[in-house]
Amino acid sequence: MTDLPIGWYVQSLGKVADTQLGKMLNSKKQTGTAKMKYLRNVNLRWGAFDLSDVKEMDIFEHEVDQFTLRPDDLLVCEGGEPGRCAVWRQAERMAFQNAMHRVRPHPGTSPEFLALQIEARVKNGEFDHLFSGVTIKHFSQQKLRSVEVAIPPLAEQNRIVEILEEQFSRLDSALASVRAVREKAAAFRSSLLHAAFNGGFGLFDEATEWLIIAECVDRKADITDGPFGSNLKSMHYVSSGPRVVRLANIGNGVFLDVRSHITREHFITLRKHEVQAGDVLVASLGENIPRSCVAPNCLGEAIVKADCIRIRPSARI
């Protein structure tokens, strides 16, 4: 960071805040005599907390100061999606697990300003070199404390946070409008399809042949879902290579370009689950099933995951 405005300075995070890794859960040592709610990695979102499923563990009296939160503490993910962070603003007593760091800024440093700066730099890839691990990334406390952050005067920090929060509110409003339009479009699409396949547009007559899906393929193997269990775990995913088609790729009639990859060697062992251009992909899980789409010509080598069904229609269909 160079050419900072007058009054700004750069300092390591460990010099402007105290950090603490959360408590490791040892199920064998739980007594149930000092239960306290605690946050896990899954409870921490970008800029918010999901408290719909909060667990409990023993936090003994001598551990309370070390492993509990105060309002205005910043929580940062240690693993999973390292760097994901949000400011805790609630007065409720809450502990945190060792998948997260508690960052407690010193006076003169805004936790909201730190959170926004960390989010910006994580999403820009500036912290990638600080994360260890191949399949599951980790952000050690030592690396977190070494991060250099830009610190303007406190009044300037608060003004920047206020401006950004106002813009985020406008963005949230715009996204809500977009979602409403998409819901209406999806409902209209469903109505059109229902009408089309129930004689509404006169598309079908007495000569129309109706088949079950099994009669639309040449071989039994042309209808399949993806590999289960040990055949496809998180450790098998890599940054590039043949693609894995997941629920996230299947929109309502549209293939969505969300990318997951496996090695070509692993792809060869799972070839019976291969997806080719022109295959019909059907979601078998999720809120909106059975949504479907057609695999595009640009797909390349790919397999289908267990939550999707691949149908390879006969050439006559």
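Trainee: Is Arg243 buried or exposed?
Mentor: Arg243 counts as buried, at 5% relative accessibility. Buried means under 20% relative accessible area, exposed means over 50%, and partly exposed is in between, using a 1.4 Å probe and protein chains only. One caution: this is a predicted model, where local features need pLDDT of at least 70 and side-chain atom pairs count only at pLDDT 80 or more, while totals for chains, interfaces and linings use all residues. Residues are numbered from 1 along each chain as its sequence is written, and side-chain values use heavy atoms, with hydrogens and water left out.

Trainee: What does the side chain of Arg243 meet in a salt bridge?
Mentor: Asp257, at 3.0 Å from N to O. The pair links distant parts of the chain, with Arg243 in strand β13 (residues 237-245) and Asp257 in the loop between β13 and β14 (261-262), 14 residues apart. A salt bridge here is a side-chain nitrogen of Lys or Arg within 4 Å of a carboxyl oxygen of Asp or Glu. Strands and helices are DSSP runs numbered from the N terminus: at least two residues of E for a strand, at least four of H or I for a helix.

Trainee: Why would side chains pair like that?
Mentor: Side chains of opposite charge can pair when their charged atoms come close.

Trainee: How many salt bridges does the structure hold?
Mentor: It holds 17. One of them joins Arg264 and Glu301, at 2.7 Å from N to O. Arg264 is in helix α6 (residues 264-269) and Glu301 is in the loop between β16 (292-294) and β17 (302-304), so this pair ties together parts that are 37 residues apart in sequence.

Trainee: And are those two buried or partly exposed?
Mentor: Arg264 is partly exposed, with a relative accessible area of 38%. Glu301 is partly exposed too, at 29%.

Trainee: Which residues are linked with Arg40 in a network?
Mentor: Asp53 and Lys55, through salt bridges. Within that trio, the side chains of Arg40 and Asp53 meet at 3.3 Å, N to O. Arg40 sits in the loop between β3 (35-39) and β4 (44-45), and Asp53 in the loop between β5 (48-49) and β6 (55-58), so they tie together parts 13 residues apart in sequence. Arg40 counts as buried at 18% relative accessibility, whereas Asp53 is partly exposed at 35%.

Trainee: New topic: sheets. What order do the strands take in the sheet with β6 and β3?
Mentor: The order is β6-β3-β9, an open sheet of three strands with mixed pairing. Strands pair if DSSP finds at least two bridges between them. β6 and β9 (95-96) stand at the edges with a single partner strand each, so one side of each has no neighbour in the sheet. Four bridges join β3 to β6, and these two run antiparallel. Lys37, for example, has Glu56 in β6 as its bridge partner.

Trainee: What about the sheet with four strands, what's its order?
Mentor: That open sheet goes β2-β10-β7-β8, with antiparallel pairing. On average its neighbouring strands are turned by 25° against each other, direction ignored. Inside it, four bridges join β7 (residues 73-77) to β10 (residues 100-105), and Leu74 stands opposite Val103 in β10.

Trainee: Which helix packs on it?
Mentor: α3 does, touching β7, β8 and β10, and its direction makes about 170° with that of β8. Contact means heavy atoms within 4.5 Å. Axes are lines fitted to C-alpha atoms, for helices over the stretch in contact, and angles run from 0 to 180 degrees between N-to-C directions.

Trainee: How many aromatic pairs are there?
Mentor: Six in the whole structure. Take Trp8 and Phe113: their ring centres are 6.4 Å apart and their planes at 75°, so the pair is edge-to-face. Rings of Phe, Tyr and Trp (its six-membered ring) pair if their centres lie within 6.5 Å; planes under 30 degrees apart count as stacked, over 60 as edge-to-face, and the rest as tilted. Trp8 is in the segment before β1 (9-12) and Phe113 is in helix α3 (residues 111-123), 105 residues apart. Trp8 is partly exposed at 23%, while Phe113 is buried at 7%.

Trainee: Which residues form an aromatic cluster?
Mentor: Phe127, Phe131 and Phe139 form one.

Trainee: And what sits over the ring of Trp46?
Mentor: The charged end of Lys123, 4.7 Å from the ring centre. That counts if NZ of Lys or CZ of Arg is within 6 Å of the ring centre and within 35 degrees of the ring normal.
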